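I opened this notebook to record what I looked up, entry by entry. The sequence and the structure come first, and my notes follow.

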Amino acid sequence: MNCKGVVRELSDFLDGELAPDLLKELEQHIQKCKNCRLVVDTTRKTIEIYCDAEPLPLPEGVHQRLQQALANKLGRQPS
Amino acid sequence: MPVHLENEATLVAEAKEGNAEAFTVLVNQYERNIFRLALNITSNKEDAEDVLQESFLKAYTNLGRFQGNSRFYTWLVRIAVNESLMKLRKRRSDRQVSLDEKLETEDDGLLPREIVDWGDNPEQHYAKTEWQEILAEATQTLEPAFRTVFTLRDVEQLSTEETAEALGLSVPAVKSRLLRARLKLRQRLNKYFK
């Protein structure tokens, strides 16, 4: 497998969905290719960062307006 | 994906029976995630707020159709995605934005241009809020077709199949866009870790 092949299979590799023969080829390549190793590591980190990120608090008033809209629909006071 | 409420099935069942309190617990649990999802797709705070309200109102109205075959949150995400895409298309109708548009499919341009070692915990160099804003801004630089797939797969952590179903795309199309989105975001984040 060459560098282009690593990039092509990158998502399946990081998602643990790469077929065993391709997995072996990819692992052999990144052992000897520092650039590809860095691309794999930083792409993995990118996914982890977004995966772990908590959503920002809602902007001011958004929660209250949602509660009011629901209260109108549900026929009750907003909580 | 937000923390799964242990009593979610009970809350949904009670909400179906008309228990507004139970539905409010579900709303409070998921409102921030749904707002982020809508903001990621529409790139507009007003649209995201509309989507937030319309999604929960629609969910409440259609709760009887929820069969419990998936998590309630996954079902809610599908509603929010549909609402978000409608907003996106309405706002950009002059540009005919479509998730089905033909995108680059060749390998050319996939190979990373800049290869930098980020170190172990790059996010530790930033305050929490600043970091969240950096991530949101980076996502917004992606084209809608890419950021929508990325948001569902890597932010909300739906499966590839769930993402394909929610967006009306094939599994190979989801995988192709996800790969490009991941590589583009990796590239965007590089400058913060040099």
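Entry 1. Before looking up a side chain, I noted that a polar contact is a pair of N or O atoms within 3.5 Å. I also noted that I am reading a predicted model.

Entry 2. I turned to B:R153, which sits in helix α6 of chain B, residues 144–155. A polar atom of the B:R153 side chain lies 3.0 Å from the backbone oxygen of B:L158. Setting aside neighbours within four places in sequence, I listed the contacts of B:R153, among them A:D15 of chain A and B:S159, B:T160, B:V174 and B:R182 of chain B.

Entry 3. I looked up chain A. Chain A has four helices and zero strands, in the order α-α-α-α. Of its 79 residues, 44% count as buried. The accessible surface of chain A is about 4,400 Å², and carbon and sulfur atoms hold 47% of that surface.

Entry 4. I examined helix α1 of chain B, residues 8–16, where B:E8, B:L11, B:V12 and B:A15 are buried. Viewed down the axis of α1(B), these buried residues fall within an arc of 100°, and therefore they line one face of the helix. I asked which helices the buried residues of α1(B) pack against. They pack against α2 (20–42), α3 (45–61) and α4 (72–91) of chain B. After α1(B) comes B:G18, with a positive phi near 100°.

Entry 5. In one of them, B:F23 and B:F56 have ring centres 6.4 Å apart and planes at 80°, so the pair is edge-to-face. This pair joins distant parts of the chain, with B:F23 in helix α2 and B:F56 in helix α3 of chain B, 33 residues apart. B:F23 is buried at a relative accessible area of 1%, and B:F56 is buried at 0%. The rings of B:Y126 and B:W131 have centres 5.6 Å apart and planes at 20°, so this pair is stacked. B:W131 is buried, with a relative accessible area of 10%. I also noted a cluster in which ring pairs link B:Y30, B:F66, B:F72, B:Y73 and B:W75.

Entry 6. Chain B has an average pLDDT of 85, and 87% of the residues score at least 70. In chain B, confidence is highest in α3(B), at 95, and lowest in helix α5 (residues 128–140), at a mean of 86.

Methods: Residues are numbered from 1 along each chain as its sequence is written. Chains are lettered from A and ligands numbered from 1 in the order in which they are written. Side-chain values use heavy atoms; hydrogens and water are left out. Helices (H or I, at least four residues) and strands (E, at least two) are DSSP runs, numbered from the N terminus. Buried means under 20% relative accessible area, exposed over 50%, partly exposed in between (1.4 Å probe, protein chains only). Accessible areas come from the Shrake-Rupley method with a 1.4 Å probe; for residues, only the protein chains shown count as cover. A polar contact is a pair of N or O atoms within 3.5 Å; within protein, one must be able to donate a hydrogen and the other to accept it, and residues adjacent in sequence count only if both atoms are side-chain atoms. Contact means heavy atoms within 4.5 Å. The arc is that of the directions from the helix axis to the C-beta atoms. pLDDT is the predictor's confidence in each residue, from 0 to 100. Rings of Phe, Tyr and Trp (its six-membered ring) pair if their centres lie within 6.5 Å; planes under 30 degrees apart count as stacked, over 60 as edge-to-face and the rest as tilted.
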